[in-house]
Amino acid sequence: MSESAFFLRRMNDHIQYLGKLKATLEDKGDFQGSDHHSCKLGQWLDSDGPAQSSAISEEARHIFDSILEPHAQFHQASQRALDCKKIGDKSGMEEAMTEMFKLSAKLVDILMKLDTMSH
């Protein structure tokens, strides 16, 4: 599998995860999320991601490293949104969802940069 396909697959994994979360927050599912190490993106970040990004360039590895903190923050925000939903805190849920979507956009942007660099 090419490096490019791998970055795009990880982006797709994240988007699928986000879709499941959104469905639950809109009362259309029962997905409860996971921590940032257990999702498919997190598993890749903790295993093959460092080597795959380093194989492209030192700059790609630096960009890869920049995804770790926003990825953890995304999971924290999504858990807050789920927790707020459970207790009926609609404004708290919406605030957490806004943060979650902003962080998601950042993750997708980083993965797209890595995809571009892999060509």
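Here is a friendly note on the salt bridges of this predicted model.

1. Some ground rules come before the details. Local features need pLDDT of at least 70 and side-chain atom pairs count only at pLDDT 80 or more, while totals for chains, interfaces and linings use all residues. Residues are numbered from 1 along each chain as its sequence is written, and side-chain values use heavy atoms, with hydrogens and water left out.

2. Side chains of opposite charge can pair when their charged atoms come close. The structure holds 8 salt bridges (a side-chain nitrogen of Lys or Arg within 4 Å of a carboxyl oxygen of Asp or Glu).

3. Start with D13 and R10, whose closest N and O atoms are 2.6 Å apart in their salt bridge. About one helical turn separates the two, because they sit 3 residues apart in helix α1 (residues 3–25); helices are DSSP runs of H or I, at least four residues, numbered from the N terminus. Both D13 and R10 are buried (under 20% relative accessible area; exposed means over 50%, and partly exposed lies in between, with a 1.4 Å probe and protein chains only).

4. Next, look at E99 and R80, a salt bridge with its closest N and O atoms 2.4 Å apart. This pair links distant parts of the chain, 19 residues apart: E99 is in helix α6 (residues 90–117) and R80 in helix α5 (residues 68–87). E99 is partly exposed at 32% relative accessible area, and R80 is partly exposed at 36%.

5. Salt bridges that share partners join K22, E26 and K28 into one network. Within it, K22 pairs with E26, the closest N and O atoms being 3.0 Å apart. K22 is partly exposed, with 35% relative accessibility, and E26 is partly exposed at 33%.
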